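Dear colleague,

I am passing on the structure below, with notes on what was found in it. Please read them alongside the coordinates.

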Amino acid sequence: LEEGPLLASAASAASGQPVDGVQCNTNEQAGHHVHTHLAVFVNGKLRPIPADIGIVAPLPQQTADGAFDQASQCYYWLHVHAQDGVIHIESPAGHTYTLGDFFDLWGQQLNGDRVGPDQGPLVVFVNGTRFRGDPRTIVLGSHLDIQIDVGSPVVAPKSVDWSATSL
């Protein structure tokens, strides 16, 4: 799990209504199932993404690795089970979802100089390579590592060792 003050709480996240065409279903969908990691650093400090984004009425389950939340009402096709930065993309069919879709579900801003409540110059990396476009357009994909730095210093890109996970 990622440690530190959250970038923003999940309290503003969608609560069951469709957002950007992304639905909320009573069960997780398995037609298209991949995982993307998102890390946000503000002035050089990690600001974790909270669990429960995209999980309506979460029920925490304790595991050997910490809390892993399930939904008591519904799961959006983009959701986060734990405070580990992993976005689960689980939809009934293959579709292109973007980082902008995820932030819209979360109810947080994302643009060229703002990430959630924090504002300043952004440096964005995708799989360790500098991304210079609109961060909202980054397509979420299998074992993708997205890092956003707000302000300075910029943290050297970090990547997840996906082979050490069961994802």
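The model is a predicted one. The notes go through a helix, a sheet, a disulfide and a pocket.

Helix H1 spans residues 99-106 and is mostly covered, with 7 of its 8 residues buried. The buried residues of H1 are Leu99, Gly100, Asp101, Phe102, Phe103, Leu105 and Trp106. Just after H1 comes Gly107, whose phi is positive, at about 80°.

Next, the sheet. It is open and antiparallel, and its 3 strands run in the order E1-E5-E4. Strands E1 (24-25) and E4 (55-63) are at the edges; each has a single partner strand, so one side of each has no neighbour in the sheet. The antiparallel pairing of E4 with E5 (residues 66-76) extends over 8 bridges. Opposite Gly66 in E5 stands Thr63.

On disulfides, the count is 1. The bond is between Cys24 and Cys74, with an S to S distance of 2.0 Å. These two cysteines link distant parts of the chain, since Cys24 is in strand E1 and Cys74 is in strand E5, 50 residues apart. The torsion about the S-S bond of Cys24 and Cys74 is about 95°, so the disulfide is right-handed.

Are the two cysteines buried or exposed? The cut-off for buried is under 20% relative accessible area. Cys24 has a relative accessibility of 16% and therefore counts as buried. Cys74, at a relative accessible area of 9%, is buried as well.

Last, the largest pocket. How much space lies in it? The volume is about 360 Å³. Its lining is made up of 16 residues, and those nearest the centre of the pocket are Asp65, Phe68, Ala82, Asp84 and Leu167. Strands E5 and E7 (86-91) each contribute at least two residues to this lining. Which element gives the largest share of the lining? That is E5, with 3 residues. Sorted by class, the lining holds 8 nonpolar, 6 polar and 2 charged residues.

Regards

Note on methods. Residues numbered from 1 in each chain as written. Predicted model: local features only at pLDDT ≥ 70, side-chain atom pairs only at ≥ 80, totals over all residues. Heavy atoms only, no water. Buried < 20%, exposed > 50% of the residue type's maximum accessible area, 1.4 Å probe, protein only. Helix = DSSP H or I, 4+ residues; strand = E, 2+ residues; numbered from the N terminus. Pairing = 2+ DSSP bridges. Disulfide = S-S within 2.5 Å. 1 Å grid on protein atoms, 1.4 Å probe; cavity = no way out; pocket = protein on both sides within 12 Å on 5 of 7 lines; lining within 4 Å. Points joined across faces, edges and corners; volume = space filled by probe spheres on them. Nonpolar A, V, L, I, M, F, W, Y, C, P; charged D, E, K, R; others polar.
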